[in-house]
Amino acid sequence: MGVAPRNRGVRHGAPIDPYVAELSKLMLSRAPKLGKAMADLLCRDIDAYRDGGVVTKDQVAQSCAANVAFIFDSLTSGADVDVSPAERTGTERALAGVPLPAVMTAYRIGFRFMWEETLATARAAAIPTDAILDATARIFFAQETFTQAMADAYRHQLTTQILEREEERSALVEALLSRRMTNRRSLWEAADLLRLPTSGPYVVVAAELPAIGRVGLPVIENKLSARDIRSAWRLLPDVQVGIVHLNGPTTDALNTLVEVLGQVAIARVGISPPFRELAETSDALRLARLALTGKPSGASLISVFDDTPLAVLAVSAPEAMAKIRSSLLRRVDELPAEERAVLLDTFQAWLDSGGSANDAASKIFCHPNTVRHRLRRIEELTGRSLSRPRDVAELCLVFEAERRLP
């Protein structure tokens, strides 16, 4: 790719000294030879150029010859001088993966070599000292312009590559989320490109968008990376979604993830249960969305989906489950809000206590007979008996849906 339009040359206002013009012509006639000699020097002294695997010696020689030609053309030309060779060098080095500091070092070494050759040529041609000083000022100015053009093009190309890689990573995340990628080899390749381990445990994280153009988890990938947690993200129309690898014992890693998300989140966040294979990403997204849109627990913005069989069953068909819940809990829903909440809390405490009224009473700080009375009230309102296993199963399911569905 090219670079943004800019001033593409150097303009000197002062008249050209005839001796400077003569020196420039001498150096221009030697440009190809100087380019080869300079390339030998750079390929010897700079690691990135030494083995020719990243940039060949011929490419380096062409760049050096272009540099020499630019410098000495600028000394004799009163018009704008084309800096496209410098831009081309910057773009090519970025594409080749040569670090910019190495390219800048090459320019410094090459310029020193060129200037030593220039002085030797000037002395051999008996160029006056004043003319050499004039040439020096002009050469420094031209070299600075050439180097700046190269560095600008390098940075522009590097930025373009980074954006393209991020777009590619985002597309891969989308393919995993939409189950468009199921072949095991493709999944391994995707993990490699996303910089994720090829096996789990993973989780999917879904965060609300607080407003158009804003994400619910700003700079989250960097925050997680700082804690040695690898992730890949995608912005969907309604949520920000990430695939996160849990590094270390699952419970500890999940707790660390929740901690980091809690520090960053500015909107509600849902986390799926852990899963082992990237092929399961699409299913995990659905559970992360359910954790996100379900009823919040407490003041935290972070909700982790509980992957117990009952929880999964309660949310697997939300529309059908909502109808069943509405039918079975109709009379409960007609109660005043405070009384309704007391009955729901009591039933949940009874379940958590393994069906023991005494243990449930300890949990909610009341007398066991109060618990029994409330349970009988639930039986009356729902038409179900807690002594019949089938009825208990139905109540457990609808109360689970009550807890989880919005």
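Q: Hi! Is D333 buried, exposed or partly exposed?
A: In this predicted model, D333 is partly exposed, because its relative accessible area is 37%, which falls between the 20% and 50% cut-offs.

Q: Nice. Which residue does D333 form a salt bridge with?
A: That would be R340. The closest N and O atoms of D333 and R340 are 2.9 Å apart.

Q: And what about E339, which side chain does that one meet in a salt bridge?
A: E339 meets the side chain of R377, with 3.7 Å from N to O.

Q: Where do R377 and E339 lie?
A: R377 is in helix α17, residues 368-382, while E339 is in helix α15, residues 337-352. The pair therefore ties together parts that are 38 residues apart in sequence.

Q: Are R377 and E339 buried, exposed or partly exposed?
A: R377 counts as partly exposed because its relative accessible area is 26%. E339 is partly exposed as well, at 33% relative accessibility.

Q: Which residues are linked in a network with R377?
A: E339 and E380 are linked with R377 in a network of salt bridges.

Q: How many salt bridges are there in the whole structure?
A: A search of the whole structure gives 12. Another one of them joins the side chains of R44 and D45, at 2.8 Å from N to O.

Q: Is R44 buried or exposed? And D45?
A: R44 counts as exposed, because its relative accessibility is 56%. D45 has 35% relative accessibility, so D45 counts as partly exposed.

Q: Which residues of α5 are buried?
A: The buried residues of α5 are S84, P85, A86, E87, T89, G90, T91, R93 and A94.

Q: What comes just after α5?
A: Just after α5 sits G97, with a positive phi of about 85°.

Q: Which residues are closest to the centre of the largest cavity?
A: L42, S63, C64, A106 and Y107 are the closest, out of 14 residues that line the largest cavity.

Q: Which elements give two or more residues to that lining?
A: They are α2 (31-45), α4 (57-76), α5 and α6 (100-124). The largest share comes from α6, with 5 residues.

Q: How do the residues of that lining divide into nonpolar, polar and charged?
A: The lining of the largest cavity has 9 nonpolar, 4 polar and 1 charged.

Q: And what volume does the second largest cavity have?
A: The second largest cavity has a volume of about 30 Å³.

Q: Which residues line the second largest cavity?
A: M38, C64, N67, V68, G110, F111, M114 and Q143 line the second largest cavity. At least two residues of that lining come from α4, and at least two from α6.

Q: How many of those are nonpolar, polar or charged?
A: The lining of the second largest cavity divides into 5 nonpolar and 3 polar residues, with no charged ones.

How values were computed. Residues numbered from 1 in each chain as written. Predicted model: local features only at pLDDT ≥ 70, side-chain atom pairs only at ≥ 80, totals over all residues. Heavy atoms only, no water. Salt bridge = Lys/Arg side-chain N within 4 Å of Asp/Glu carboxyl O. Buried < 20%, exposed > 50% of the residue type's maximum accessible area, 1.4 Å probe, protein only. Helix = DSSP H or I, 4+ residues; strand = E, 2+ residues; numbered from the N terminus. 1 Å grid on protein atoms, 1.4 Å probe; cavity = no way out; pocket = protein on both sides within 12 Å on 5 of 7 lines; lining within 4 Å. Nonpolar A, V, L, I, M, F, W, Y, C, P; charged D, E, K, R; others polar. Points joined across faces, edges and corners; volume = space filled by probe spheres on them.
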